[in-house]
Structure formats: structure tokens, C-alpha cells
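I opened this notebook to keep track of what I looked up about aromatic rings and helix packing. The entries follow in the order in which I made them.

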Amino acid sequence: MGRKFEVRKISMAKTAGAKTKVYSKYGKEIYVVAKNGGTDPQANLALRRLIEKAKKDQVPSHVIDKAIDKAAGGAGEDYVPARYEGFGPGGCMVIVDCLTDNNNRTITDVRNCFTKTGAKLGVEGTVGHMFDHQAVFAFKGDDEDAVLETLMEADVDVTEVECEEGVVTVYAPHTEFNNTRTALVDDSPDIDFEAEEITFIPQTESVVSGDDVATFDKFMDMLEDCDDVQHVYHNAVVERE
């Protein structure tokens, strides 16, 4: 791939309001995954992975438990996924993943983020073909050849293994997430993942500079403030002065 994976984690929020938004996004996603796949993390691998990720991002246990209990009760909102694609400030490519119980509200909110920052919302497939849907794992290490051998012996359909600055990064098709993680943990039970996620990796990069930087920041902040927006993927490389 010739690129270093940028580990994007939800940063610790500085205000109670911002923390609440982060917790709300996790709570909604946990609820949907538990409702669709079962509330037992041992049987629902997607739920187990999401709970582990939430804990790493310091989401309180009561938020996680409340979402699972809500799913177990069978009542509640009927959220469905929605994905929007387009071009952000500076011409970068953007994918916005949402969970919504009101499509009209969600598309209106997302469209406002685009139009108010001079960005362009497209149709499905506008930029999606320029991203690879990948499982990504990053952890400390310096021997990518040994990691690749471990994965190949476990019959994992790995895409690439990179090592940079003492961090090994493994890329695999998103369908290989569980197989990849199992192989890595079986080989090194004490492994500490700096990243373990399914994400969209851009095939190309787009430099955002000059006046577009402030607009890009505004664009991202507006999307983050949308209650229905869960994840935002882009290929922007922001050059700040």
C-alpha cells in the first residue's frame, strides 16, 4: 500500500457535553449490534469487539450495560444504517456512516454539513470505490515477516503487513477480522492492540491546505455534532501552518 495507517481514536472529550455525544454514539451502536446479533458478547463477536473498543475509549460500564439491557428488552428505536458519500473541503473524498430512525432528518443534517462548508454531497458509489474496506490491527513490534508467517500459517487472507517506528500494522479484508485477531492473540496472548477495527482505507490521499483547512475543520466538527453520524472516513492530509 505504501502508506502508514493513521490510528484514529476518539479523543478524550474536554467537556461533559462532548463526552455525552461520544457515549451516545457508542450506546446506539452497541444497542443495534446487540439487538441484531444477540446480547451475549461470547456468542456475538461483533458485540464483544465493540464493547472492548468502547472500554478502550473509556466509555463507562453503565452506558454499555444500559444499551445491552435495552436491546434485551426488545423495545426501543428501530435504527438502520445509512451511508453518504461526497467531496469535502479541498476536494477530499468523504464517507459518512450513520445510524438513524428517521432518514429524512439524517439526510437533511448531513446535507447541511456539506452545503454550509462548500462541500458536495454525491450519490451512493461516488467515492466509495476509492476506499478499501479493511480490518486493521496495529501493535508494538518490529518483525513484520514473523507476523506475516503467523497469519499465513493460520490461513488468514491477509492483505499486507507493515512495520514503521516500532509498530506493526496488519491489513486484511474486513471479512477476515475475527480470523486475523484470533491468529494474532493465539500467537501472542499478551498482545496489546493500539488499533483493532474495521475501517475504510483510502487508496489515494488529498492534500488540504491554506484556507481550506479551517473549512475542513468546521466540516468535521459539524458532522461530529450530528447525532446520527457514527463514523467519518476521508482521504484528507491536512497541512497546517
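**Charges over rings**

I began with Arg49, which lies over the face of Phe177 at 4.7 Å from the ring centre; I count a charge as over a ring if NZ of Lys or CZ of Arg is within 6 Å of the ring centre and within 35 degrees of the ring normal. I then found Lys70 over the face of Tyr31, at 5.1 Å from the ring centre.

**What I am working from**

I note that this is a predicted model, in which local features need pLDDT of at least 70 and side-chain atom pairs count only at pLDDT 80 or more, while totals for chains, interfaces and linings use all residues. Residues are numbered from 1 along each chain as its sequence is written, and side-chain values use heavy atoms, with hydrogens and water left out.

**Aromatic pairs**

How many aromatic pairs does the structure hold? I noted 6, where rings of Phe, Tyr and Trp (its six-membered ring) pair if their centres lie within 6.5 Å, and planes under 30 degrees apart count as stacked, over 60 as edge-to-face and the rest as tilted.

One of them is the edge-to-face pair of Phe114 and Phe219, with 5.0 Å centre to centre and 80° between the planes. Because Phe114 lies in helix 4 (residues 103-115) and Phe219 in helix 7 (residues 211-225), this pair ties together parts that are 105 residues apart in sequence; helices (H or I, at least four residues) and strands (E, at least two) are DSSP runs, numbered from the N terminus. I looked up Phe114 and found it buried at 0% relative accessibility, where buried means under 20% relative accessible area, exposed over 50% and partly exposed in between (1.4 Å probe, protein chains only). Phe219 is buried too, with a relative accessible area of 0%.

Next I took Phe137 and Phe177, whose ring centres are 4.9 Å apart and whose planes stand at 35°, so the pair is tilted. Since Phe137 lies in strand 4 (residues 131-140) and Phe177 in helix 6 (residues 177-187), the pair ties together parts that are 40 residues apart in sequence. Phe137 is buried at 0% relative accessibility, and Phe177 is buried at 3%. I also saw that Phe137, Phe139, Phe177 and Phe193 form one aromatic cluster.

**Helix 5 and helix 6**

Last, I followed helix 6 to helix 5 (residues 144-153), and noted that their axes come within 9 Å and cross at roughly 115°; axes are lines fitted to C-alpha atoms, for helices over the stretch in contact, and angles run from 0 to 180 degrees between N-to-C directions.
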